[in-house]
Amino acid sequence: MKDDRDDHDPIDDILREIERVMNEMMGDDVHIDRGGSAGFGSDLHLDVHETDGEIRVVADLPGVEKDAIDLKCDGEVLTVSAASDRRDYEERVRLPTRVDEHSAAATYNNGVLEVTFERADDSADIDL
């Protein structure tokens, strides 16, 4: 008879606990990839650059075809989903400020994704 503990991975428990604690601190926007053929964690390298007028997100997606990339933004969080023969990526990044998601422009060249957004107006004038 097979013991269920044989399939139990203690590293998975540690990663779940880290994810739980980070979600408590950061508002449920943390996901630690515990699967995939590449082993521990996600190898998606992602940087966010902020200027006075725009927010720019740069992500390395080696081996991914342009058609396999899906981007979504609600003005506060950018979700990058992508798939290659070797790996699936799913990364959510909270942007440092609210952006106009309709201003998004994206390019993908040689495995590097770049997405830019204009900052959202802080407030709107109301005419009486």
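Visitor: Leaving aside its neighbours within four places in sequence, which residues is Thr 116 in contact with?
Guide: This is a predicted model, and in it Thr 116 is in contact with Glu 54, Ile 55, Arg 56, Ser 103, Ala 104 and Ala 105, once the neighbours within four places in sequence are set aside. Thr 116 itself has its place in strand S7, which covers residues 112-119.

Visitor: What makes Thr 116 count as buried or exposed?
Guide: The relative accessible area of Thr 116 is 18%, and the word buried is used for values under 20%, so Thr 116 is called buried.

Visitor: How do you know whether Asp 88 is buried or exposed?
Guide: Asp 88, which is found in strand S5, has a relative accessibility of 55%; since exposed means over 50%, Asp 88 counts as exposed.

Visitor: How many helices and strands does the protein have, and in which pattern do they follow each other?
Guide: The protein has one helix and seven strands, and read along the sequence they give the pattern α-β-β-β-β-β-β-β.

Visitor: Why are S1 and S6 said to stand at the edges of their sheet?
Guide: The sheet in question is an open one of four strands, in the order S1-S2-S7-S6, with antiparallel pairing. Strand S1 (45-50) and strand S6 (99-109) each have a single partner strand, so one side of each is left without a neighbour in the sheet, and that places them at the edges. Neighbouring strands of this sheet are turned by 15 degrees against each other on average, direction ignored.

Visitor: What is the strand order of the open sheet of three strands?
Guide: That sheet has the order S3-S4-S5, again with antiparallel pairing. Its edge strands are strand S3 (69-73) and strand S5 (88-94), each of which pairs on one side only. S4 (residues 77-83) and S5 pair in the antiparallel sense over seven bridges, and they form a hairpin with four residues between them. Across this pair, Thr 79 has Arg 92 as its bridge partner, and Ala 82 stands opposite Tyr 89.

Visitor: Which residues have the most contacts inside the largest nonpolar core?
Guide: That core has 18 residues, and those with the most contacts inside it are Leu 61, Val 64, Ile 69, Leu 78, Leu 95 and Leu 113. Strand S2 (54-60), S4, S5, S6 and S7 each supply at least two residues of the core. Beyond its neighbours within four places in sequence, Leu 78 is in contact with several residues, including Val 57, Val 93, Leu 95, Val 115 and Phe 117.

Visitor: Where does the pLDDT stay under 50, and how should such places be read?
Guide: The mean pLDDT of the protein is 79, and 72% of its residues reach 70 or more. Over residues 1-5, however, the pLDDT is below 50, and beyond near neighbours in sequence this stretch has one contact in the model. The pLDDT also stays under 50 over residues 33-41, for which the model has 16 contacts beyond four places in sequence. Where pLDDT is low, the predicted coordinates should not be read in detail.

Key:
Residues numbered from 1 in each chain as written. Predicted model: local features only at pLDDT ≥ 70, side-chain atom pairs only at ≥ 80, totals over all residues. Heavy atoms only, no water. Buried < 20%, exposed > 50% of the residue type's maximum accessible area, 1.4 Å probe, protein only. Contact = heavy atoms within 4.5 Å. Pairing = 2+ DSSP bridges. pLDDT = per-residue confidence, 0-100. Axes fitted to C-alpha atoms, helices over the stretch in contact; angles between N-to-C directions. Core = buried A, V, L, I, M, F, W, Y, C linked by side-chain atoms within 4.5 Å.
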